[in-house]
Structures are given as structure tokens and as C-alpha cells.
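The following paragraphs are intended for a reader meeting this structure for the first time. Please keep the sequence and the model at hand while reading.

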Amino acid sequence: MSYVNIHSHNTQPDDIVNVHNFRFGVDQLTFPLPTNFSIGIHPWDAENNINWDDFYQHAQLANAIGECGLDKACNVDFQRQTDVFYKQIDIAQQLHKPLIIHCVQAYGAILDAHKQYNGHLPWLIHGCYGSAQWINDMAADGNVYFSVGPSQFQLKRFQDVLTAIPDDKLLAETDDSSTSISEVYNYINANIEQLYNNYLHFFRTQYLGIKQM
């Protein structure tokens with residue numbers, strides 16, 4: 001059984017199951033490709049010139065689409081963010097791949113998007129900042145996972161956020177932090193076996209060739 005880092009921008013030790021994130025149009029894919037990786041158009045990059053054919057080709061190689069989503073705290077036009085986000089949801093639906101979601105101050109819009117797509121594929125709310133009520137609403141809508149990491153630890157309501165996340169929908173991440181994933185597990189008192197099983201269910205191992213340890 002291994003630690004799982006569900007969302008990272010950094011290289012991790014070989015004994016860690018790591019899902020490396022690439023920002024399309026910003027990061028260069030490294031070859032050989034990581035065993036597990038995601039690629040997405042970050043809402044911060046939504047106003048860039050996007051070659052959708054190129055993105056689709058890259059998305060076919062990835063284990064998940066994202067991070068993508070909505071961010072009302074950045075200066076990118078929100079309608080443009082929404083259009084780019086929905087386009088990526090459509091591609092994920094076509095490719096039958098889960099989504100890794102970036103959400104900042106756009107909780108209602110993310111819930112609305114998930115309702116529109118009826119939860120057909122797993123969504124991961126990475127670096128979850130949402131309220132306990134929003135987490136409950138998303139979880140009730142079905143097939144939604146939530147990851148936490150060092151950037152959430154200083155929140156006054158972090159314990160409420162963590163408590164609201166169902167055990168079978170919790171995952172851990174380091175994002176762009178230098179904190180080790182083992183430290184994250186220790187901080188949240190995570191059950192290694194439970195999070196590993198959550199990772200397997202998120203990626204639906206029956207049809208995705210993810211790394212198992």
C-alpha cells in the first residue's frame with residue numbers, strides 16, 4: 001500500500017503514487033510521460049489562444065482532465081473561464097476520463113455545472129476550500145471527491161471542511177508545495193488503505209491503466 005498524491009506540480013519519490021499535473025499551454029510535457037498525469041487548461045489561462053485539437057490529443061494520453069474550473073478571484077473574464085471549463089467537461093465526457101477541478105469563489109457555478117452533467121464521471125475538487133454545506137451538496141450530487149493539502153491547513157474552518165468530506169471521497173495532495181505527502185497524511189490523520197482505495201475508485205481502474213502498488 002502506498003501514499004497517493006492526487007495532485008502535484010512537482011516530481012515525487014518513486015514509492016509514491018503521484019498524479020502529476022500539466023497546465024496545457026504553460027507546462028511542457030516531459031518524456032517519458034509520468035505513469036499517472038493530468039492535463040488541463042487552468043482558469044487563469046482561459047484567455048490564451050487555445051489549440052483544441054492539440055489539447056484533445058494530449059488529453060487522450062492523460063489519466064484525467066484538469067486542473068480546470070472556475071476562479072472568481074483572478075482577472076480572467078468569467079464567461080470565458082466558463083466556456084473553456086465546459087469545453088473541457090465535454091472532452092472528458094467523450095474520453096471517459098475524470099476531472100480535477102480548481103474552484104475559487106465559484107462554488108454555486110461548480111455545483112450547477114455538476115448537476116448539468118449528472119455526475120456521469122468522477123470529479124475531484126482539489127485543494128477544497130468550500131464550506132461544509134457546499135461539500136455536503138456536492139457529495140449528495142454524486143461521484144465527487146475532495147482533496148486537501150498544505151494550502152488549506154491554515155484555514156480556521158479547516159477541521160470543519162475535513163469533517164464534512166465523506167471518508168470514501170477524501171484524497172490528499174501537495175499541489176505546488178514542498179511539503180511531503182506523508183506529512184499531509186499525518187496532518188489529516190489519513191487512513192492509507194482508505195485513501196488508496198479512493199484513488200482506485202476515482203480513476204475507475206477497470207478501464208484506466210493507472211499505477212497500482
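Predicted model: local features only at pLDDT ≥ 70, side-chain atom pairs only at ≥ 80, totals over all residues.

**A guided reading of the chain**

Setting aside neighbours within four places in sequence, Lys169 is in contact with Val144, Tyr145, Phe146 and Asn198, where contact means heavy atoms within 4.5 Å. Lys169 lies in the loop between α5 and β8. Its relative accessible area is 17%, and Lys169 is therefore buried; buried means under 20% relative accessible area, exposed over 50%, and partly exposed in between, with a 1.4 Å probe and protein chains only.

Residues are numbered from 1 along each chain as its sequence is written, and side-chain values use heavy atoms, with hydrogens and water left out.

The protein chain as a whole contains seven helices and eight strands. These elements are DSSP runs numbered from the N terminus, helices being H or I with at least four residues and strands being E with at least two. The C-alpha atoms fill a box of roughly 40 × 40 × 30 Å along the principal axes. For 213 residues, a compact globule would have a radius of gyration near 17 Å, and the 16 Å of the protein chain agrees with this. The radius is taken over C-alpha atoms, and the globule rule is 2.2 Å times the number of residues to the power 0.38.

Of the 213 residues in the protein chain, 54% are buried. Where contacts link residues at least 6 apart in sequence, 64% of them join residues at least 24 apart. The accessible surface of the protein chain is about 9,700 Å², and carbon and sulfur atoms account for 44% of that area. Accessible areas come from the Shrake-Rupley method with a 1.4 Å probe, and for residues only the protein chains shown count as cover.

The protein chain carries 11 positive and 23 negative side chains, and the centres of the two sets are 4 Å apart. Lys and Arg count as positive and Asp and Glu as negative, whereas His and the chain ends are not counted. Each charge is placed at NZ of Lys, CZ of Arg, CG of Asp or CD of Glu.

Leu171 belongs to strand β8, residues 170-172. Leu171 counts as buried because its relative accessibility is 1%. Beyond its neighbours within four places in sequence, its contacts include Ile6, Leu124, Tyr145, Phe146, Leu195 and Phe202. Leu171 and Ile125 are 46 residues apart along the chain, and their C-alpha atoms are separated by 9.7 Å.

Gln152 occupies the loop between β7 (144-148) and α5 (158-164). Is Gln152 buried or exposed? With 0% relative accessibility, Gln152 is buried. Its side chain reaches the backbone oxygen of Gly127 at 3.3 Å and the backbone nitrogen of Gly149 at 2.7 Å. Apart from neighbours within four places in sequence, Gln152 is in contact with Gly127, Cys128, Tyr129, Ser147 and Phe158.

Lys87 and Trp52 are 35 residues apart in sequence, and 9.2 Å apart in space from C-alpha to C-alpha.

The backbone deserves attention as well. Most residues other than glycine have a negative phi, and most peptide bonds are trans. Phe31 and Pro32, however, are joined by a cis peptide bond with omega of about 0°, and Pro32 lies in the loop between β2 (17-23) and β3 (37-40). The peptide bond from Gly66 to Glu67 is also cis, with omega near 15°, and Glu67 is part of strand β4, residues 64-71.

Positive phi values are found as well. Asp175, in the loop between β8 and α6 (181-188), has a phi near 55°; its relative accessibility of 16% makes Asp175 buried. Asn189 lies in the loop between α6 and α7 (192-202), and its phi is near 55°. Asn189 counts as exposed, with 70% relative accessibility.

Definitions and conventions. Polar contact = N/O pair within 3.5 Å; in protein donor to acceptor, adjacent residues only side chain to side chain.
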